[in-house]
Amino acid sequence: MTDRLLDVRDPLALRALAHPLRVRLLRLVREHRPVTGARLAELVGESTASVSYHLSVLARHGFIEPDPAPGPTRRHKPWRTTFDRLQVTGAQRGVPPVQTPEGAVLATLLDAVREDQDAYLAGTARLAPEWEDVGTFALSRLVLTPDAVERMTSEVQAVLDRYRGHEGSEVPTGCSRVSVSFVAVPTAEPAAEPGAEPERSS
């Protein structure tokens, strides 16, 4: 099976995606494909008309497409994503990410990930008993070169790819959807106070 990668660089497409409901709908289409707008409206608690509008925006910018399989009715046709993996590539340099179209998308995606993590920590995720203590949080501070960060990212992506496989609305018995995030960003050293003397070792 071909792994379809969608590399999004168009600022207009990125701005269209930087909307919390559209990000949520795109994730649900990815997880439940093929899925109708009516079913998505049930999942997000929005009107069918509102969901249909946002789906049309996602389709216009190439994120989703009609599924070739017949829908339950002529009116309710299923959607699927145009990709297996989504990659957002920024072109601007020297600008804080949050001020760029790709940064706005990233902020929206991170908000969605934090919601999953907060629900787990708060115990509000309505998990089956066998899943209540399965969460893993691996927080590390590493000293790396830019090339090493790129290599690590590729290696982690390869691991995640090995665990991909099931897509669709039905989750097999004994399985659960698992929210996985990998974030690696450089951090700055704290700035020295003005006039402070550097520490000297004796």
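Predicted model: local features only at pLDDT ≥ 70, side-chain atom pairs only at ≥ 80, totals over all residues.
Good morning. I begin with the sheet, in which 3 strands form an open arrangement in the order β2-β4-β3, with antiparallel pairing. Two strands count as paired if DSSP finds at least two bridges between them. Helices (H or I, at least four residues) and strands (E, at least two) are DSSP runs, numbered from the N terminus. The edge strands are β2, residues 35-36, and β3, residues 64-66, and each of them pairs on one side only.

Residues are numbered from 1 along each chain as its sequence is written, and side-chain values use heavy atoms, with hydrogens and water left out.

Let us return to the strands. β2 is joined by 2 bridges to β4, residues 78-81, and the two run antiparallel. Within β4, W79 is the bridge partner of V35. Helix α2, residues 20-32, packs on this sheet and touches β2, β3 and β4, where contact means heavy atoms within 4.5 Å. The direction of α2 makes about 95° with that of β4; axes are lines fitted to C-alpha atoms, for helices over the stretch in contact, and angles run from 0 to 180 degrees between N-to-C directions.

I turn now to helix α4, residues 48-60. Its 13 residues reach 18 Å from the first C-alpha to the last, close to the 18 Å expected at 1.5 Å a residue; the expected span is 1.5 Å times one less than the number of residues.

Which residues of α4 are buried? They are V51, H54, L55, V57 and L58. Buried means under 20% relative accessible area, exposed over 50%, and partly exposed in between, with a 1.4 Å probe and protein chains only. Seen down the axis of α4, the buried residues fall within an arc of 155°, so they line one face of the helix. That arc is taken from the directions from the helix axis to the C-beta atoms. The cover over these buried residues includes α1 (11-17), α2, α3 (37-44), β3 and β4. On the other side of α4, A49 and R60 are exposed. After α4 comes G62, with a positive phi near 85°.

Finally, the whole chain. The protein chain has 6 helices and 5 strands, running from the N terminus as β-α-α-β-α-α-β-β-β-α-α. Of its 202 residues, 22% are buried. Thank you.
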